[in-house]
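Me: Got a model open here and want a quick walk through it. Can we take it chain by chain, then contacts?

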Amino acid sequence: MDELIFFINRVLISGTVLGSIYALGAIGITLIFGILRFAHFAHGDMMTMGAFIAFVLAGVLASAGIVTPLPTGVVVLPVAMVLAAIIALGIDKSFYAPLRQRGARPVTLLIASIGVTLMIQGVIRLIFGSGTRSFFADETKDIFRIDMSWAGAQRPISVTEPQVIMFVVTALLVVALHLFLTRSRLGKAMRAMADNADLAQVSGINTALVVRVTWVIAGSLACVAGTMLALDVALMPDLAFNIVLPIFAAAIVGGLGHAYGAIVGGFLIAFAETLAVFNWTAVLRPLNAVLPEGMALPPNLSLVPTEYKLTVAFIILVITLLARPTGIFKGAST
Amino acid sequence: MALIELKHVVGGYGGAPILNGVDIAIEQSDIGVIVGPNGAGKSTTLKAIFGLLKVMGGTITFAGEEITNSLPDRLVPKGLSFVPQEKNVFTSMTVEENLEMGAFTRTDDFSDTMGWVYQMFPILREKRRQPAGELSGGQRQMVAMGRALMSKPRLLMLDEPSAGLSPRYVIEIFETIVKINGEGVGILMVEQNARQALAFASRGFVLANGQNRFTGTGQELIADPEVARSFLGG
Amino acid sequence: MSAASTGTGWDTSLRRGLLLFVAMFVMIVMVGMVQGTASMLLILTQATAYALIALGLNIQWGYGGLFNFAIMGFLMVGGASTVFLSYPVNTAFWDSDGPMLLGRALVALLIGLGLVMLARQSRRIGISGRIRTALIVLAWFAGYVIYRSQIDPAAAYIESTAGFIGGLGLHPVLGWAFGGLVSAVIAFFVGRISLGLRTDYLAIATIGISEIIRALIKNMDWLTRGTMTVSPMPWPTPLPQELRALGFTIQDSFIIARLGFLALTALILVGMFFFVQRAYGGPWGRMMRAIRDNHIAAASMGKNVTGRQLELFVLGSILMGIGGAILATFTQIFDPSGYQPINHTFMIWVMVIVGGAGNNWGVVLGAFLIYIVWVISDPLAQLIFVNLSVLTQELGWGAIPEIDSRALQMRVFVLGVVITIALRYAPRGILPETVRREA
Ligand SMILES: Nc1ncnc2c1ncn2[C@@H]1O[C@H](COP(=O)(O)OP(=O)(O)OP(=O)(O)O)[C@@H](O)[C@H]1O
Ligand SMILES: [Mg+2]
């Protein structure tokens with residue numbers, strides 16, 4: 001029983017946490033690709049930026065002496081999302097829109113997004129230095145321990161408060177996005193533009209508006225994803241630069257341009273990573289009792305060593321690109 | 001006053017002009033048909049009206065108002081609609097969603113317009129929950145026309161609506177066009193099935209090398225021996 | 001630059017180029033006057049190596065339109081290769097059971113690959129479709145397990161007894177050549193599998209491959225010592241301490257040693273430059289341009305587009321591998337954690353875009369300019385911050401903390417600003433590719 005709990009803690013909970021972050025990031029990448037047709041490399045840094053915005057706001061709240069039942073990082077999230085969305089709009093207007101108007105190729109926009117990456121990273125490090133910070137310097141991170149002794153287990157299932165909030169927030173955002181894309185006029189216009197931009201223009205759809213909505217969604221979701229990551233682990237300037245590739249992997253596995261694919265892809269990549277480095281001996285140890293003498297399980301039985309965790313995502317990314325660049329869902333759309 | 005009027009329109013895609021002075025004028029009661037050889041600039045003319053390329057000379061007026069180089073999101077509310085020749089449906093969206101996109105610029109209730117479109121194309125009502133990409137060529141053309149009608153246009157522009165359709169569907173599409181015209185929508189269309197289209201056209205324009213070669217009623221053009229010899233295949 | 005100036009186009013672009021090179025020379029001299037000759041030579045040598053790398057990217061992107069975001073990976077491969085060839089022999093390793101264990105691991109690897117090959121051939125015995133795919137995946141897995149079962153103990157043994165396998169003690173220039181060679185082999189396989197991808201997918205795939213290479217080199221401690229770093233790497237030219245032993249002053253020994261290294265590096269750059277320049281001016285270059293500018297037409301003319309592109313990819317990667325090897329040798333340390341996409345992939349891109357993709361002169365100029373900007377951003381920002389700090393102190397806001405580390409980050413920002421401005425106002429670079437009229 002303890003083995004199962006270990007599995008739940010190490011794989012189910014960690015994988016879901018990571019999957020939520022990947023999914024929220026990948027939605028942004030996939031929407032931007034669907035509408036603007038370029039790979040937005042600066043997305044990881046938009047996540048970092050969002051996390052730092054939330055961090056600053058949380059600091060303001062704390063210094064004002066306001067105490068909240070939830071972690072302050074979560075309380076300030078709505079405001080941080082708005083600010084992140086505004087900055088995303090500003091970035092588009094100053095760096096991408098002029099190139100689009102010139103009729104630049106998608107590659108040029110991709111290179112421009114590298115420029116944006118460098119600028120955001122530079123600014124963040126200029127202001128905050130390159131050290132690691134924590135949202136929980138002054139408050140405690142509550143941990144919920146679900147007692148499982150009724151099932152004969154000694155260990156509890158343990159999950160932190162930010163993780164629980166993350167599950168709820170991700171679920172709410174995904175449902176909201178779904179309703180937006182399938183029910184609202186603007187959401188449908190977004191799908192229309194991702195499907196056929198020329199026809200969307202011909203239909204009189206205000207494509208400039210759709211582009212703005214895309215940045216608002218992508219920017220605010222990136223802010224949530226970044227803040228969640230920072231709440232779960234810690235806040236660093238190169239926080240999301242390391243995970244922008246897994247996020248691209250998620251978006252590509254799900255099929256670039258397909259919002260639902262991005263969500264599935266995010267969880268797929270996250271669980272692949274978590275399972276690949278999971279030490280199976282921890283779960284299979286009871287087998288030692290039945291295995292013959294001298295055939296005991298090795299102390300570490302994981303598919304890849306822990307230091308290669310991120311590499312798993314890269315390998316999935318490369319294999320998907322080579323085998324099925326359009327994603328694993330055939331015929332799926334937005 | 002003409003519904004749409006092009007006066008000596010010159011335009012192209014950035015390089016040398018493709019249109020070298022096109023004149024077109026039709027009334028709301030008209031069915032105007034543009035015919036001409038491949039590469040004559042027929043599609044380009046429709047795109048020029050719809051602001052999809054740069055007009056470098058001449059003027060375009062719609063119901064007395066100059067609309068030269070206006071963009072679609074301004075033109076659709078004024079009462080113009082355009083059905084491009086290819087890729088004219090949102091394949092991943094349902095038929096009904098396609099129609100809704102046609103009504104994007106409308107802020108009023110458009111359910112009666114949708115009823116009108118379904119009445120015009122009953123098959124679309126049956127398939128309204130199906131992705132447009134799964135429909136046959138003729139049904140897609142109906143979705144495309146239905147989408148364009150959703151904005152309640154005064155002028156419907158169609159680029160080769162019969163291209164690639166079986167003869168049975170060609171007749172059906174042409175009949176529908178006449179019917180739409182009968183409900184007070186001006187039509188301006190490009191057609192390869194020139195003789196068939198000119199037969200029901202009230203205005204015909206023969207374009208070659210980006211210029212008008214002949215203009216007249218459909219019947220006049222069919223009767224003109226030179227038009228028949230050079231452009232209608234004898 | 002514009003179409004209107006066709007008559008004098010070549011003259012004006014030549015004059016422009018000369019002026020820019022003179023400006024760059026003045027900048028270098030100024031750096032020398034401010035920071036001292038020894039630092040100037042340090043910057044110049046590294047800039048020369050970067051120019052070689054940028055030339056490699058120009059072959060791929062400028063000539064071939066191939067998007068390579070794996071530059072960092074190739075630089076690491078070059079560095080690790082030169083460690084293996086030129087670092088002194090580690091007798092502790094060769095005297096131990098290490099070589100034998102590694103031999104077993106190699107056999108295991110070959111068996112694994114053999115299994116995969118067999119599975120791929122299964123079509124011959126009538127297995128196809130999903131079953132064959134499953135078989136291939138299974139073979140990969142089995143091969144992986146077999147390899148891991150041998151390499152893990154071997155790695156653990158070597159790391160605990162000898163540290164790492166050490167080098168072969170050969171001349172560093174041979175190490176550089178080997179860096180180019182290993183890069184070529186890797187580029188061949190990377191290119192074979194990924195060059196068919198669309199440009200933006202290729203960008204993502206290559207950056208993924210680059211990260212995989214980094215993870216491997218960083219964690220294969222038995223081969224590269226990983227994060228424990230390898231140093232000091234031998235130089236092909238006399239080291240400062242060797243010159244000091246001959247009686248030179250500290251100052252002079254640094255200057256002369258770096259001059260020697262610079263001369264060698266510059267020689268390689270010049271040699272490669274003229275080789276590339278001549279090839280591109282000839283029929284081979286004409287064909288490459290035709291392919292870049294019009295895939296379909298070139299393919300329909302019976303040109304082997306993919307084969308030619310692979311050629312470009314491999315050739316460019318060779319220059320990257322050599323450049324990476326030179327950089328590692330020059331700094332005398334191979335530190336896998338020191339490689340970052342910003343410094344080792346994106347900066348090269350900025351060099352090529354700013355200099356002028358497709359124009360070798362422009363790319364070399366861009367490499368020197370950007371590298372100098374990159375290096376002097378730090379002291380300049382420091383200067384600004386120190387003065388700002390005085391101001392904030394006077395205003396009673398207190399001094400700016402951590403000026404040093406903040407100033408260092410300034411260069412990342414400057415790099416971003418430079419590329420953004422270039423894309424916006426000079427998308428073809430400061431020395432654009434001169435359109436050659438094909439007779
Ligand atoms: N997007 C474009 N960019 C540049 N040139 C174009 C473009 N579209 C069409 N052209 C050129 O403009 C000219 C006129 O094309 P257009 O499509 O208007 O012809 P058309 O009369 O509709 O012929 P068809 O019967 O083939 O449809 C052709 O020479 C074509 O090559
Ligand atoms: Mg046409």
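Me: What share of the 234 residues of chain B counts as buried?

Reply: 54% of the 234 residues count as buried, meaning under 20% relative accessible area with a 1.4 Å probe, protein chains only. This is a predicted model: local features need pLDDT of at least 70, side-chain atom pairs count only at pLDDT 80 or more, and totals for chains, interfaces and linings use all residues. Residues are numbered from 1 along each chain as written, chains are lettered from A in the order written, and side-chain values use heavy atoms, without hydrogens and water.

Me: How many helices and strands in chain B?

Reply: Ten helices and ten strands. These are DSSP runs numbered from the N terminus: helices are H or I with at least four residues, strands E with at least two.

Me: What about the radius of gyration of chain B?

Reply: It is 17 Å, close to the 17 Å from the globule rule, so chain B is as compact as a globular protein of that length. The radius is over C-alpha atoms; the rule is 2.2 Å times the number of residues to the power 0.38. The C-alpha trace spans about 50 × 35 × 35 Å along its principal axes.

Me: Switching to contacts. Which pair of chains has the most?

Reply: Chains A and C, among the two pairs that touch. Contact means heavy atoms within 4.5 Å. Chains B and C have no contact; their closest C-alpha atoms lie 14 Å apart.

Me: And how many residues does the contact take from chain B and from chain A?

Reply: 23 from chain B and 18 from chain A. The area buried between them is about 1,800 Å², with 59% from carbon and sulfur atoms. Buried area is the accessible area (1.4 Å probe) that two parts lose on being put together, summed over both.

Me: Which residues in chain B lose the most area to chain A?

Reply: B:Phe90, B:Met101 and B:Phe104, together 37% of what that side buries.

Me: How many salt bridges between chain B and chain A?

Reply: Two, with a side-chain nitrogen of Lys or Arg within 4 Å of a carboxyl oxygen of Asp or Glu. One of them joins A:Arg191 and B:Glu97, at 2.9 Å, N to O.

Me: Which helix gives the most to the side of chain B that touches chain A?

Reply: α3(B), with four residues. Both α2 (72-78) and α3 (95-102) of chain B supply at least two residues there.

Technical notes. Buried means under 20% relative accessible area, exposed over 50%, partly exposed in between (1.4 Å probe, protein chains only).
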